[in-house]
Amino acid sequence: MVLETCDLVVDVPGRADGRALNLHIAPGQVWGVLGPNGAGKTTLLHTLAGLRPPRGGTVLLDKAPLPRWRRRALAQQLAVIFQERQDGFPATVMETVLIGRHPFLSPWQMESAADLALAEAALSQLDLLPLRDRLVNTLSGGERQRVAVALALTQTPAVWLADEPTNHLDLHHQVAVMTLLHQQARDGRAVVMCLHDLNLAARWCDHLLLLYPDGEACWGPTDDMLVPGALEKLYDQRLAVGEVDGVRVFVAR
Amino acid sequence: MPGVDSGLRHSLTWLVLILASLLALALAVAIGSETVQPMQILAVLRGEGEPLHRLLLLELRAPRALAAFATGGLLAVAGALMQVLLRNPLADPYVLGLSGGAAVGALAAMLSGLGTALISGSAFAGALLSTLLVFGLAHGTGSWTPTRLLLTGVVVAAGWGAVITLMLALSPAERLPGMLYWLMGDMSYARSPWPPVLTLALACLLLLPAGRVLNVLARGPMQAAALGVAVRPLEWGIYILASLLTAVAVTTAGSVGFVGLVVPHMLRLVLGNDQRIILPAAALAGGILLTLADTLARTVLAPEQLPVGVITALLGVPTFLYLLYRSRM
């Protein structure tokens with residue numbers, strides 16, 4: 001399922017329109033959104049998810065503008081991993097992850113064995129099985145982050161919108177989550193994620209969108225985008241570039 | 001949570017709750033100034049039995065027990081709803097100033113020397129007025145958030161509190177006990193059990209299919225929206241429903257404290273966090289608690305009657321603290 005934007009201007013309060021985005025995010029692609037704090041990465045992601053109206057232009061999923069989608073149908077195709085979560089209200093890991101099946105169930109339906117199996121598989125993939133009966137609000141930040149990924153996995157979306165999916169994760173789980181997202185793309189889903197780590201972007205993303213604080217933007221295949229000069233301007237930070245295992249590596253000077 | 005073993009556990013839970021409900025109601029009609037034996041209750045239920053017992057059970061104790069049961073259920077369900085709405089386990093049906101509005105209505109009616117029916121009507125009007133006030137003010141000019149709703153409610157409640165104190169200070173001494181009893185919650189104000197019973201039944205029917213949506217909402221509005229929930233209409237729906245339930249409860253029995261806070265919380269500690277289980281369980285457990293508390297209130301110092309709110313608090317506080325102490329939260 002293709003996610004497109006047509007002259008999209010994201011509504012970041014107090015900022016000029018900047019460049020309108022015309023993105024074409026196809027199944028099988030992994031898009032990384034890079035930019036400094038406050039560049040509007042999260043706002044863009046929420047706009048792509050239909051959770052926030054754009055200032056101008058349209059977002060289209062499967063050639064239909066998002067407002068024409070029914071909420072439930074949209075939730076069956078599109079999952080969001082949020083950066084800040086409100087999991088103060090008690091629920092166990094399993095209860096939380098099962099919530100991902102909500103768009104597929106009618107009000108009277110209980111979760112079936114198949115739904116339960118999906119949730120179990122997601123927990124297992126994120127090493128969460130030993131924590132399944134723990135309350136989410138008693139977990140560490142990294143564990144909660146994995147619960148959020150497992151929830152989205154249980155939602156079986158065609159399009160993933162992930163806001164810093166490696167937030168709070170240790171190195172091993174960073175790689176595990178990126179591998180999972182990469183595998184999702186190989187299985188024919190589209191993945192869009194906001195990232196702060198240039199090295200993760202270089203290794204796992206095939207397309208990049210650079211968002212500048214003034215609303216300027218450029219996008220394209222990763223190889224064309226990872227130009228040290230452009231990145232230094234993006235972050236206003238000098239960078240050293242090396243190469244490890246044939247992948248470019250960036251270190252702040 | 002669904003699953004094979006938990007299916008069994010749930011059947012057991014329902015069995016226990018339903019049996020306990022029946023037992024509490026039976027106890028409430030049996031115990032009092034004149035104790036009625038179980039066989040005599042059965043006889044009355046069959047349409048036989050002594051005329052005195054028939055009068056005692058059918059005309060006096062049964063309506064009061066039913067009213068207490070339904071009021072407890074209403075308060076517990078309203079509490080569970082408010083806690084999901086505000087995503088705060090400490091919310092209770094009164095946190096948004098409802099009981100304050102109802103109390104001002106009721107006390108005003110008492111001060112003007114109106115009859116019981118008018119006191120109830122005035123309390124209901126006060127509760128609705130408070131709901132509308134908070135509803136309107138919380139909308140404000142900016143975006144709507146649970147924090148804004150909570151703050152608006154708490155401040156409105158504080159305002160009502162001041163008005164109540166003023167009314168108590170100005171009222172003649174002979175009216176004070178009645179007013180204090182109303183403020184603590186007292187089942188002897190219950191006229192007919194049917195308004196709370198029907199409201200509770202309707203609310204349960206309405207909420208049964210909504211359980212999972214509430215589970216989703218409890219994970220936060222953004223996550224809920226991303227899972228296909230129409231968040232704003234759902235939130236207003238919950239708010240209005242919880243307010244109506246509370247208004248009916250307060251109108252029936254005055255402001256009985258603690259049931260709405262403690263019952264859903266205790267149930268969550270024992271049964272988990274699935275609203276599909278918690279909401280109907282709260283209806284039963286709230287009913288059981290208030291029925292037993294009212295029976296105690298009638299009998300502990302008989303022939304004196306205590307306000308039932310005192311008993312719910314005295315029973316609820318230690319139980320709650322014990323469960324909290326034992327829990328792994």
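1. Two strands are taken to pair if DSSP finds at least two bridges between them. On that basis, 6 strands of chain A form an open sheet with mixed pairing, in the order β6-β7-β8-β3-β9-β10. The edge strands are β6 (78-81) and β10 of chain A, each of which pairs on one side only. From one strand to the next, the twist averages 15°. The model under discussion is predicted, and the points below should be read accordingly.

2. Within this sheet, strand β7 (residues 159-163) of chain A and strand β8 (residues 190-194) of chain A run parallel and are joined by 5 bridges. A:A162 stands opposite A:M193 in β8(A).

3. Strand β4 (residues 56-61) of chain A pairs with β5(A) in the antiparallel sense over 2 bridges. The bridge partner of A:L61 in β5(A) is A:A64.

4. The loop between β2 and β3 (30-34) of chain A includes A:G28. Is this residue, A:G28, partly exposed or buried? A:G28 is partly exposed, because 14 other C-beta atoms lie within 10 Å, whereas a buried residue would need 20 or more. Not counting residues up to four places away in sequence, A:G28 touches A:A185, A:R186 and A:G188. The C-alpha atoms of A:G28 and A:Q184 are separated by 7.9 Å, although the two residues are 156 residues apart along the chain.

5. The largest nonpolar core has 181 residues, and those with the most contacts inside it are A:V97, A:V192, B:V77 and B:A282. Helix α3 (residues 51-85) of chain B gives the most to this core, with 18 residues. On the chain A side, A:V192 touches A:I25, A:W31, A:V33, A:L45, A:L48, A:W160 and A:L161, not counting residues up to four places away in sequence.

6. In chain B, helix α4 (residues 98-111) and helix α11 (residues 231-253) pack at an angle of about 40°, and their axes are 10 Å apart. The crossing of α4(B) past α11(B) is right-handed. B:L98, B:S99 and B:A102 in α4(B) meet B:S243, B:T246, B:A247, B:V250 and B:T251 in α11(B). By class, the residues of this contact comprise 4 nonpolar, 4 polar and no charged.

7. How many residues does each chain bring to the contact between chain A and chain B? Chain B contributes 25 residues and chain A contributes 30 residues. On the side of chain B that touches chain A, α9 (211-217) and α10 (221-226) of chain B each supply at least two residues. α10(B) gives the most to that side, with 4 residues. The side of chain B that touches chain A has 13 nonpolar, 7 polar and 5 charged residues.

Methods:
Residues numbered from 1 in each chain as written. Chains lettered and ligands numbered in written order. Predicted model: local features only at pLDDT ≥ 70, side-chain atom pairs only at ≥ 80, totals over all residues. Contact = placed C-beta atoms within 7 Å. Nonpolar A, V, L, I, M, F, W, Y, C, P; charged D, E, K, R; others polar. Core = buried A, V, L, I, M, F, W, Y, C linked by C-beta atoms within 7 Å. Buried ≥ 20, exposed ≤ 12 C-beta atoms within 10 Å, placed from the backbone. Axes fitted to C-alpha atoms, helices over the stretch in contact; angles between N-to-C directions. Left-handed = near helix turned anticlockwise from the far one by under 90°.
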